[in-house]
Structures are given as C-alpha cells and as structure tokens.
Amino acid sequence: MEDFRRTYLRLCKDGGVEPQESVVAQLQENRAAQGSRLDLSGQSLSADTCSVLAKVLQKDTIFTEVSLSDCMLSEEGNFHQQLNAKYCLQGNNLRSKGAEVLGRLLARNKTLRRLVLEWNALGVWEEAFSLFCEGLASNSVLTHLDLRNNQIHHHGASELGLALKHNNTLEALDLRWNNIGLLGGRSLLEALQKNQSIVQLEMAGNNIPSDTLRALEQTTGHNTDRQSTLRENRSRSQVLGKEIHKLKEEKGQQFLSLMETIDRQREEMGRSNGNSDRMMLFRLQMTEAALALSDQKNHNMGELLTRVKAEKEDLRERQSRERKKEQEDSALREGKLLREIHNLTETNVQLRSKVEEMERRCKSQQQQIFDLKQELTNSTAELKLRLAQTEERLEIEKRRSKQALEDMDSLRQKEVEHVTRHLEESERALQERIFKMEGQRIQLEEVRVSMFRRHMHTISNICIQEHVSTLEEKLRLVRSSLQEVQHHCSQQKQTISELQVKNSQQSIEMDSLRRRIEELQQGLSGKDQEKVAEVSRVRVELQEQIGHLHAERTAQGGLKEKISALEREIKVLSSSHREALLDKESEMTSMLEKLRLREAEIQRMREDEAQRASYLQSAILAYVQGSPLGHYSSPKK
C-alpha cells in the first residue's frame, strides 16, 4: 500500500499534476487498514487525477475492489479504462463517451467480475449504448452487472438482448428503474430464452406488463434449475471419475504386488529346489489366494457396476418422473390456459355480438336521430312558414281591420257629421218653422182673438172660420212633420248606437285575434322547447350509449390484450418446456453415454483381469508341468 501511495505521488510529480489531498488521505487510511479495497466514494476527481490513478492501477494490482461512486468523473478522464475484479462507478453521470470506453474495455478485459454503473446516463445515446452492448457480448468473465437508473429505453433493451444472446458468463443483471417498456421486455424475454447463464434478473420500475415479468422470472428459474442440475451432474461425474481412478490404482497396485510375489517365488524356487513339493503347494496356495483375491476384486467391480447401474436407473427414473411431472404440469397449465382462452374467446364472441348489436342499435338510433332531426327541421321550417304566413295574414287582417275601422270611423264620423248637420239644419229649420208657426200661431191667436172678437161681433162671417180651419190644418201638418223629423233623429241615433256596437264587437274580435296570435306564438315556442328538450334527451341517451360502447370496446381491447398475453405466455411456456425437455434429453443422453463409456471401461477392466488371471493360470500350469512334480505325476496318468 505504501508503494502504491509513493507511485501515485511520483507519477503526479512527473506529470506536473497537483496531488489531491483527499485521495492521499484515503490511500493513507487504506495503508493503515492493510486492505485490498480502494474506496474513493464521494471524492471529486479531476481528469488529471483519474489519468494518474489509471497508470498506478495498471502498474499495481494489489486492489481487488475499487469504488468510485459519486466522484463526478468527467468523460475526458481515462480512469475507467483499467478495471480490476470489482469496480463501482455509481452516480458519475457517464454518457456517450463513457459508454463507448466501457464497451471497448469489456471487450478486452479478462479480470473484471463485477461492474456497478447505477445512476448514470448510458442509455440516452443509442449508438454509444450499442457499442457498450457489443463489448458485453464479447466479454467472457463478467458475472454481475448493475445498470439501475440509466435511462435505458426499449431500443437499448433490444441491444442488450442481442448482447445476452452471445454472452454465456453473466449471471446477475439489475435493470431496475429504467424505461424499458413492453417492447424492451419482449426483446429481453426472447434473448433469455437463448441465454442459459442468467439466474438473477431485476426488472422493477420499467413499465413492463405482469405477464412478461412472470415469463422472465420463469426463464431465470429454468436457468437456475438447469445450472443446479449441471452442477450436480458434474459433482457426480467427478465422484465417479475419482472412484474409477481409485479402482484403477488399486488394480495396478494389486497386479504389481502379484507380479512381485511371482518374481519372489521364482527366485526362491531357483535358490532352493530341495523342498519342491512344499514350495509347489505353497505356490499353488498363493496362486489360489491370488485367484480368490482377483475373484473378490471382480465381485467388487461387479457390485460397483451394479451400484452404478442402479444409480443410473434411479437417476433415469427420477428424471423420467420429473419429466413426466413437468409434462403433466405443463399439460395442466396448457389445459388451464386453453380453457381460459376458450372462455375468453366465448366472452370475446359475446362481446363482439353485443358490440355488433350496439352498433346496429347505434346506427338505427343515429338513423332515428337523423330522421328526427330531418322531421324537426321540416317541422321547424313548416312552422316557420306557417308562422310567417299567419303573421302575414295577421298583418293583412290587421291592416284590413285597421283600414276598415278607419273607413268605418271616417264613414261614421261623416255620417255623424252629416246627421248632425242634417239634424242641426232640421232643428234650425224646425225651430225656424216653429218660430214661424209660433209667430203664425200668435198671429192666428191674435187673428183668432180678433176674429173671435169679430165673431163675437160677427158670427156670420163664414170665411173667417174657414180661414181658421185652414190655419189649424197647417198647424197639424207642421206638428206631423215635426214628429217625422224627431222619428228620423231617433233612427239616426239608433244607427249610431249600432255602429258603436259593431265597433266594440270588431275591437273585441281584434283582441281575440291578438290573443289567438299570442297563443299560437306560445304554442310554437312550447313546441320548439319540446323539440329542443326531445333532441337534447335523445342526444344525452346517445352520448350515454356511445360511452357504454366505448367502455365495452375498451374492455374488449383489454380482453384482446389479455388473450394475446396469454397466447404469448403459452408460446413462452411451450418453448421453455420444449427447451427444458431437450436439455433434459441431452443431459440424459450425455449421462447415458458417460455410463456406457464407464461400463465399457469396467468391462474392459474385467476382461483385462480375466485375461491376466488366465495368463497367470496358464503360467502356473506351465510352471507346474515343467517342475519335477509334473514329471513325477505324468507317468501315473
């Protein structure tokens, strides 16, 4: 650690860079703690300091973990071009250039295992993020990648999916709190169906539908099960390999010990030929013991082979049970999904029929509304026309009535004036005649008096009497003419009263006509209001029906989306199930091939043992036949 600090200070001095006190203090603390972790979190590092630290790290690799979170690294600095086993660049606002540099680094780095890039902006520029994904695709050592809060959208998710199709070492990927969406989720799901190394995937806060998230979880779960099965098979293969190697070593040692024993026996037989019978018996006993030991070993190898076969049968039965269970589960899931799809299809058909019925009703109601509008327009036009005609007739009647009234008033006034003048003239004439007749009467009275006087004096004067009778006749005629004039005046007054009555009746008729016009106008306004209320009511009903139709159409769209999601889930499940079955079958095939090879090897070992035993037996028989005991025993035969 002291060498690292000195190297940093020396390179700062050589490059003319002022050492940062915070970095020197942190290095001093690390030196005191004697740790393998360099923590510079929260330090504001300049571009020059980053370059110097990169050179130091390139020369000194004592640190296995470097943390530079929230250091406000600029993209001009090249500190992130030299990475160790674990590297944390959280909260440094890395963008296009940083993404390109990290992509080139991942393409050639062979030591980095864990990379934390939380709270940056790598997904803003598509081309730079594509280069980062290309570097990730060609990387073969990185196992953990943290890309939280990097503004990655669906295009970046598609590029990341292409990278995951070619990367087979990345095990944990954290993509929380980005903006991947439905399209990006589908791209990642398609990539994970071909990737068999991802066992941990975090996707919260990305606006991805729940069915896609479940499919992603199922895919990572399949990868986890596959890796656990592979690890178990590897461990079993290693155990079997160790046992076979141990058996081989034991057989080799036994064969070597047997050959050493045979050599010692030959040497002993060469040194001492006196005790041949006992030696022969001893050798026969040794040979029988060796044969018994070989038989025991063969028996042990047979038991081991039987145990291996039993384990193979157990493994095959367990895998067949698991596969059968998985097939049953998948069949149940498929049946459930098919039933749900059938129910949703029936619901969709019913909803479609309802929608068609509602559309027909809507069309019929729209036609009715159009007819009502047309009828209302026609009625309004007819009423307006009638109103105009009525108003015109009313105006004509008003003018005619006014003209008639004016004519009648003028005639009445003329007649009244004429009658008045005539009456006045008659009265004046009558008064004049009355005055004249009064004067005549007075004169006649005077004459009468005088005549009476004269009559008194002269009764015999008949002429005077005739003259008086004539005057009386004239007076009677004047009185009758006066009565006629008075009767004519009364007739004129009666005519005037009748005209006044007719005038009052016409005024009453005009008032009734006015009231009728007002009633017609009120009726027209009431009908207009009723028509407007009817149209508004029909419009409200149509709006409600249209709202129900929109709601049902929205529900139908949701059902369609759910059906498509279920179909996608069925496809994903079927494809994952097929892949799992293919993987299981390939694993079983490989294990069966390994077992076959091991059985062939064990069979070969048994044949070798049998051949060695036969060689040993033939050698012993040849030795026995070539010994003196064999010569002695041959004549007896």
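**View 1. The buried residues of helix α5.** In α5, the residues A128, F129, S130, F132, C133, G135 and L136 are buried, where buried means under 20% relative accessible area, exposed over 50% and partly exposed in between, with a 1.4 Å probe and protein chains only. Please keep in mind that this is a predicted model, in which local features need pLDDT of at least 70, side-chain atom pairs count only at pLDDT 80 or more, and totals for chains, interfaces and linings use all residues. Residues are numbered from 1 along each chain as its sequence is written, and side-chain values use heavy atoms, with hydrogens and water left out. Helix α5 has 13 residues and reaches 19 Å from its first C-alpha to its last, close to the 18 Å expected at 1.5 Å a residue; the expected span is 1.5 Å times one less than the number of residues. The cover over its buried residues includes α4 (96–108), β5 (144–146) and α6. Helices (H or I, at least four residues) and strands (E, at least two) are DSSP runs, numbered from the N terminus.

**View 2. The buried face of helix α6.** Here the buried residues are G156, A157, L160, G161, A163 and L164. Seen down the axis of α6, they fall within an arc of 165°, so they line one face of the helix; the arc is that of the directions from the helix axis to the C-beta atoms. Among the elements covering them are α5 (126–138), β6 (172–174) and α7 (181–192).

**View 3. Helix α6 beside helix α7.** The two helices pack at an angle of about 5°, with their axes 8 Å apart. Axes are lines fitted to C-alpha atoms, for helices over the stretch in contact, and angles run from 0 to 180 degrees between N-to-C directions. That makes α6 roughly parallel to α7, a term for angles under 35 degrees. From α6, H154, A157, S158, G161, L164 and K165 meet L183, G184, S187, L188, E190, A191 and L192 of α7, contact meaning heavy atoms within 4.5 Å. By class, this contact has six nonpolar, five polar and two charged residues; Ala, Val, Leu, Ile, Met, Phe, Trp, Tyr, Cys and Pro count as nonpolar, Asp, Glu, Lys and Arg as charged, and the others, Gly among them, as polar.

**View 4. Q227 in helix α8.** Q227 lies in α8 (residues 210–271) and is buried, with a relative accessible area of 17%. Leaving aside residues up to four places away in sequence, Q227 touches Q196, S197 and V199.

Conventions:
Angles under 35 degrees count as roughly parallel, over 145 as roughly antiparallel, 65 to 115 as roughly perpendicular and the rest as oblique.
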